[in-house]
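Please study the structure shown below.

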Amino acid sequence: MSREIGDGQATGGPVLSFAGVCFAYRTSEALHNVTFAVPERSLVAVVGPNGGGKTTLLRLILGLERPLYGTVRVFGLAPESARRRVGYVPQVLAYDTRFPVSVNDVVLMGTLEGGLAGAYGRRERLAAAAALDRVGLAALEHRPFSELSGGERQRTLIAQALAGGPQLLLLDEPTASVDPPTADRLHDLFGQLAETLTVLFVSHNLSVVTAHATHVLCVNRTADLHPASDVVSETFRAAYGGGRMVVLQHGASCQVVDASAALTSPHHQCSSEGCPQETEP
Amino acid sequence: MSLLADLQQHAFLQYAVAACALAAVAAGVVGSLVVVRRTTYTAAAVSHCVLAGLGLARLLQRRFDVAWFTPMLGALLTALAVAVMLARLSERHGQRRDAVLSVLWSVGMALGITFLALTPGYQEDLNGYLFGSILLVGRGDLIAMALLNAVTVGVVLLFYNRLVCVAFNDELARLRGLRVGFYEGVLQVITALTVVMLVRVAGIVLAVALLTLPAATAGLLTRRLGRMMAVATLLALAVSLGGLALSYGPELPPGATIVELAAVVYVAVLVITRNRSRGGSGR
C-alpha cells in the first residue's frame, strides 16, 4: 500500500482533500490556504497548538462549517453528502454524562439514518454488538453511560462512530481524558482500524504521533501533511506551555511555529475582492 | 368523608380520577424527556402562556357567544402557537433564550388577565385556571385529554430512537442525517400538549411541577430513559391520586396537595438514594 501523500490511485482519488481552503469565524481567520490530500487507509495525527484550527478542520470535513474560500472533498463528494461514510468522535465533554442511556443505546445511535421513524432492527443491533466488541466493551453493553470511567466512555463513543460503518473516522482528542495505559490501548486500536479505514485523530501527545501515525497533519492556521517517516523525531519539541507555540519542526520546508509567510499569502482562488464562494470542481 | 366512599356516588369524582390517570401518562413520558433535555423552564413558560388562550376562550364564549371556542381549545391553540415560536427561536442563534421565555411567560399571563377582566360575569375562572380545578373536569375534557394522550404517547413511541438521539446530542443527530429541527419541533409540540393536560389537573402555576417532579424522582431511581418514563408515569399516577385523596377530606386544594405530595416523594427518594450511594462508595 502506498503511503505517498495524495496518492489514492487504488480507488481513483484521495479519501479527503482540501484545496485552498480558508475559513473564518466572523472576522478572525481560523484557517488560511489549506491544501492537502489524505490517501486511503492512512492513520493521520492532527497536531498543533490550541486555537490553531484543529477542531475547525474536523468540522469542515463534517460539513458543520463551510469554507469561505476553497473546496473540501470527502470521497470526492461535498462533506454534507459524505457524512454517512464518516464516523466522528467529538471531545467527550460534548456529552451530557448524566443522560439516562446504556452503553448499547449510545452505540445504537451511531446506526441511525435519515428515515423519519422506526425501531432498531437486527442489522443495527448486530452492527452495534460488533462495534462494542471491536473496542472491547461487549461486557459493559447494559451498563449506564453515566457509570462509565473516562476511558470506557471514550471507547463507547468510538464504538458509536464505528457502528455506522464509516470509511473515514475522525477523533477529536480521543485520549485527552484517559489515563496513559488506556491511551496506549486506544492508539493500538486506531492502528488496527487504519488497516481497513482512514483515521484522523487530534493529539497533543507527540510520542504517540511518532509511534503510530502514518502521516502527520500540522495545523496552526495553515496546515501541512507529511508522511510520518519524514518527521524527524529528534526535532520534536513539546513546548506547549509558556506562551510558546512550538509544536514540531521537521525537514526544511515546514515549520508550524513560523507560519507568518504562509499567512500573508493571498487566498489561492482569488487575490482581490469579489471572490466567488466555495468553488465547485 | 373519604374519596373512596364517595367515588361510586359522584360522577365528578370519577372524572377527576380518570383525569389524574390520563395526565399521569403524559406527565411521565413527556416529563422524562423534558427533564433529561433540561427544558423544564420552557415548559413553565408554555404553561403560563396558556392563560392567554383560556382567557380568550372565556371572553369569546361569554361576551360574543362563540360557544364552540372552549377553554381547552383556547389553551391548546395558545400552547401550540408558543411551541412553534420557541421551535423557530431555537433555530436562530444570537437570541437570549431565557429572556425570550420570560417575555412570553409574562405577556401570556398579562393577556389572559386582561381577557378575563373584559369577560362579563363572576370572576371565578381565574383561580381555577391558576391553581387547577380537577373536581370540575367534565366528560368533554376527558375525551380531549384521552386524545391528547394518544397523540403524545403515540408520537414518542413512533419517533423514540430519534427523539432520544436528538435529546442526547443534537450534533450527532445532524451528522447521522436526522432532521433535527423537525424532532425539536415535535418535542416542543408534545410538551405543549402535555402542559395543556396538566393545567387542567393542577393549574397553570403548578402544572410544571407535575411534569417535572415525578420524572426527576424517576431519574434518581433508574438510568435508562424508557424505564424512567415508566417509573415517572407510575409516580405521577400515585401522587395525583394520593394528593386527590388526601385533599378530599379536609377540603384542601387538590392541585396544591398533589404537588406537595410529589415534592415529599422526591425529597424522600433523593435522601434515600444519596445515602445508599454514599454507603456504596465507602465500600
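**Two helices in chain A**

In α4(A), the residues Ala127(A), Ala128(A), Ala131(A), Leu132(A) and Arg134(A) meet Ala159(A), Leu162(A) and Ala163(A) in α5(A). Two residues are in contact if their C-beta atoms, placed from the backbone, lie within 7 Å. Helices (H or I, at least four residues) and strands (E, at least two) are DSSP runs, numbered from the N terminus. By class, this contact of α4(A) with α5(A) has seven nonpolar, no polar and one charged residues. Here Ala, Val, Leu, Ile, Met, Phe, Trp, Tyr, Cys and Pro count as nonpolar, Asp, Glu, Lys and Arg as charged, and the others, Gly among them, as polar.

The model is predicted: local features need pLDDT of at least 70, side-chain atom pairs count only at pLDDT 80 or more, and totals for chains, interfaces and linings use all residues. Residues are numbered from 1 along each chain as its sequence is written, and chains are lettered from A and ligands numbered from 1 in the order in which they are written.

Two packed helices are described by the angle between their axes and the distance between the axes. The axes of α4 (residues 122-134) and α5 (residues 150-163) of chain A come within 8 Å and cross at roughly 135°. Axes are lines fitted to C-alpha atoms, for helices over the stretch in contact, and angles run from 0 to 180 degrees between N-to-C directions. The helices α4(A) and α5(A) are therefore oblique to each other (under 35 degrees counts as roughly parallel, over 145 as roughly antiparallel, 65 to 115 as roughly perpendicular and the rest as oblique).

**The sheet**

Chain A also has an open sheet of six strands in the order β5-β6-β7-β3-β8-β9, with mixed pairing; two strands pair if DSSP finds at least two bridges between them. At the edges stand β5 (86-89) and β9 (222-227) of chain A, each with a single partner strand, so one side of each is left without a neighbour in the sheet.

Which residue has a positive phi of about 50° although it is not a glycine? This is Arg41(A), placed in the loop between β2 (28-38) and β3 (43-47) of chain A. Arg41(A) is buried, with 21 other C-beta atoms within 10 Å, whereas Arg38(B) is exposed, with 11 (20 or more means buried, 12 or fewer exposed, and in between partly exposed, with C-beta atoms placed from the backbone).

Finally, the contact between the chains takes 19 residues from chain B and 19 residues from chain A. On the side of chain B, α7(B) gives the most, with six residues.
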